[in-house]
Amino acid sequence: ADDVRRFLRRERVVARPDTVGYRLRTFARRRRALAVAVAVGGVALVAGSGVAVWQERRAERARAEAEARYGDVRALAGTLLLNAFDASEDVAGTTVLQATLAERAREHLDRLAAGGRRDPLLDRQLALAYRRLGDVRGNPTKANRGDPAGARAAYVRGLALAERAAAALPGDTALPGIRATLLERLADVEGALGSPAAALARQRAVVAERAALA
């Protein structure tokens, strides 16, 4: 009789083994709304975990794709600079082509740098791009477009990038040479712009840089 009353009240009965599963089923019958809420919450938790894992995997794929695009653009800019630009440097009548190649490479690299990424290898490549851009804009020792002030601005920007890259890559053996070349180019244009004292100071810095390299 006690068991019948317990059964009608949806409580555990004595006549059957008292297991954890039996207790849970009895509780669920007695507290149906709470049991449903717990079940829904559990399903939501599992589903939410699944969505979080899926989103994380999707974000990882997006990051991998972005890294691949980043590498592609940097490689493209390097090709424009190191292959097309340098191959045409000593060819007569290619100043306009060189200016276009240098400007396009610089634009690609600047867009990468604008993404907030601090990449010293990108800074080094940008320093080279600005050096070549300065050469073709107005370096008096080379075929140029007649803009020494624009050349100076390009060299100053390239020098700042080379110095930032050198601070991040103290063991890089190419950066001291890049910096020395930029200082030398600055001396060229500062002399052309009527600043012999500044040109001389740059050349002295070049001598010190080259001596350290030697």
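Guide: Start with glutamate 163, which is partly exposed, with a relative accessible area of 36%. Keep in mind that this is a predicted model.

Visitor: Which side chain does glutamate 163 meet in a salt bridge?
Guide: Its partner is arginine 179, with an N to O distance of 3.1 Å. The pair links distant parts of the chain: glutamate 163 sits in helix H6 (residues 148-168) and arginine 179 in helix H7 (residues 175-192), 16 residues apart.

Visitor: And arginine 179, is it buried or partly exposed?
Guide: Arginine 179 counts as partly exposed, because its relative accessibility is 25% and buried means under 20%.

Visitor: How many salt bridges does a search of the whole structure find?
Guide: The search finds 12. One of them joins glutamate 103 and arginine 137, at 3.6 Å from N to O. Here glutamate 103 is in helix H4 (residues 95-113) and arginine 137 in helix H5, 34 residues apart.

Visitor: What about exposure for that pair?
Guide: Glutamate 103 counts as buried at 17% relative accessibility, whereas arginine 137 is partly exposed at 25%.

Visitor: What does glutamate 184 pair with?
Guide: The side chain of glutamate 184 meets that of arginine 210 in a salt bridge of 3.2 Å, N to O.

Visitor: New topic. Where is tyrosine 130?
Guide: Tyrosine 130 is in helix H5 (residues 120-138). With a relative accessible area of 9%, tyrosine 130 is buried.

Visitor: Which residues is tyrosine 130 in contact with, leaving aside neighbours within four places in sequence?
Guide: Among them are Arg106, Asp110, Ala154 and Leu161. Arg157 is also in contact with tyrosine 130; the C-alpha atoms of these two are separated by 6.9 Å, although they are 27 residues apart along the chain.

Visitor: Now the surface. Which residues form the nonpolar patch?
Guide: Val4, Phe7 and Leu8 form it, with about 360 Å² of accessible area together. Leucine 8 belongs to helix H1 (residues 2-8) and is exposed, at 64% relative accessible area.

Visitor: Which residues form the positive patch?
Guide: That patch consists of Arg10, Arg16, Arg25 and Arg29. Arginine 25 lies in helix H2 (residues 20-30) and counts as partly exposed, at 43% relative accessibility.

Notes:
Residues numbered from 1 in each chain as written. Predicted model: local features only at pLDDT ≥ 70, side-chain atom pairs only at ≥ 80, totals over all residues. Heavy atoms only, no water. Patch = residues over 30% accessible without salt bridge, like charges linked within 9 Å, V, L, I, M, F, W, Y side chains within 5 Å. Areas by Shrake-Rupley, 256 points an atom, 1.4 Å probe, with all protein chains shown as cover. Salt bridge = Lys/Arg side-chain N within 4 Å of Asp/Glu carboxyl O. Lys, Arg positive; Asp, Glu negative; His and termini not counted. Charge placed at Lys NZ, Arg CZ, Asp CG, Glu CD. Helix = DSSP H or I, 4+ residues; strand = E, 2+ residues; numbered from the N terminus. Buried < 20%, exposed > 50% of the residue type's maximum accessible area, 1.4 Å probe, protein only. Contact = heavy atoms within 4.5 Å.
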